[in-house]
Amino acid sequence: MKTRLTERYRLAHPIVSAPMALVSGGRLAAAVSAGGGLGLIGGGYAGILGGEPDLEAEFDLAGTEQVGIGFITWALAKAPGALDRSLARRPALVFLSFGDPRPFSGAIRASGIDLACQVQTLSHAQQAVEAGATVLVAQGTEAGGHGGGRSTMPLVPEIADYLAQRSPATLLLAAGGIADGRGLAAALMLGADGVVVGSRFWASAEALTPAAAVERAIRATGDDTVRTRAIDRVRGVPWPEEFSFRVVRNRLADQWAGREDDAAAQFGSLAAEYAEARTRLDFDMMAIVAGECVGLIKDRPSAGSVVIAMAAEAERLLRRGPDGW
Ligand SMILES: Cc1cc2nc3c(=O)[nH]c(=O)nc-3n(C[C@H](O)[C@H](O)[C@H](O)COP(=O)(O)O)c2cc1C
């Protein structure tokens, strides 16, 4: 499949792996790129959260494969040196999500590196276009991790229409709920040039995800995820109000998911307990971060085989069309 994405980054398949904090290290990014997609390193909170992998080491692990890097924009604003260090590693693109990209776009574009902005609303899309993004990623609420409230199915074509009018040269990717070739084929039909896939790669061999978390996700269905602001509040991570966190239900989520106001009043009350749970990998107490598509995830294959199978299935479905359903 040839799209504007595959042409721009010389990819075999229009598949990008999400820059997942604490999950997308250099090995995963390189495995996705070696499989014919584009792998992104998760720059996450740019070091402000603590316990995050060293980005220089992750770039080294990616070796000679073409990879990009992503940051959580509001966190990057608190760690500006991180961006310069990453630009020096000449990533294929810098992916910003969750905050205004405009303060960073000058430095990124002046380095000759593409800016990709993940957006959750039309007003975010407008900011991204103003920032001069080469790629917009329309992220639906189905996504694992942080996100907004719009659904992938109507958000992607609405942003495709917006870009067709305002900035036709900007590439568009779809994210949120895409875990197999059916999702990829659907995203292309919605007007995307490719997809950003998180949860499916979270459960791949090269991801930094602990085995115990993947085992729980494999047992879950798509009914077992919840989107909430409460977990960030009790663990004391200052996420902007407009973003919530999709996780797989566990004891922590069951205790807190519906109690966002209580959690705000108790901001940070579980910070120490949460940090301690992370050291023990206690998945009753720490978040299991994956999206609604956990219901489609039954194994932990290599990331390269995920890329190849997803592309092959999408191609087969698109060639066949609706006949045979
Ligand atoms: C474990 C996990 C961590 C994530 N961390 C980040 C992050 O640090 N920065 C970011 O921009 N997006 C992050 N995301 C969201 C992804 O960029 C992407 O939008 C999402 O995974 C797509 O939906 P899917 O999980 O259904 O594939 C994360 C997603 C997951 C599952």
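Predicted model: local features only at pLDDT ≥ 70, side-chain atom pairs only at ≥ 80, totals over all residues.

A: Find helix H7 (residues 122–130) and helix H8 (residues 152–166): their axes come within 11 Å and cross at roughly 35°. That crossing is right-handed. On the H7 side, the contact is made by Leu 122, Ala 125 and Val 129, while H8 brings in Glu 158, Ile 159, Tyr 162 and Arg 166. Sort the residues of this H7–H8 contact by type and you get five nonpolar, two charged and no polar.

Now for the sheet elsewhere in the model. It's an open one, with eight strands in the order E1-E9-E8-E6-E5-E4-E3-E2 and parallel pairing. Strand E1 (15–17) and strand E2 (39–42) are its edges, each pairing on one side only. On average, neighbouring strands here are turned by 25° against each other, if you ignore direction.

Stay with E2 for a moment. Four bridges join E2 to strand E3 (residues 67–72), and the two run parallel. Among the bridge partners, Gly 39 goes with Val 67 of E3, and Gly 42 goes with Gly 70 of E3. Gly 39 and Ile 41 point one way from E2, Leu 40 and Gly 42 point the other way, and all of them are buried.

Terms used. Residues numbered from 1 in each chain as written. Pairing = 2+ DSSP bridges. Axes fitted to C-alpha atoms, helices over the stretch in contact; angles between N-to-C directions. Left-handed = near helix turned anticlockwise from the far one by under 90°. Contact = placed C-beta atoms within 7 Å. Nonpolar A, V, L, I, M, F, W, Y, C, P; charged D, E, K, R; others polar. Buried ≥ 20, exposed ≤ 12 C-beta atoms within 10 Å, placed from the backbone.
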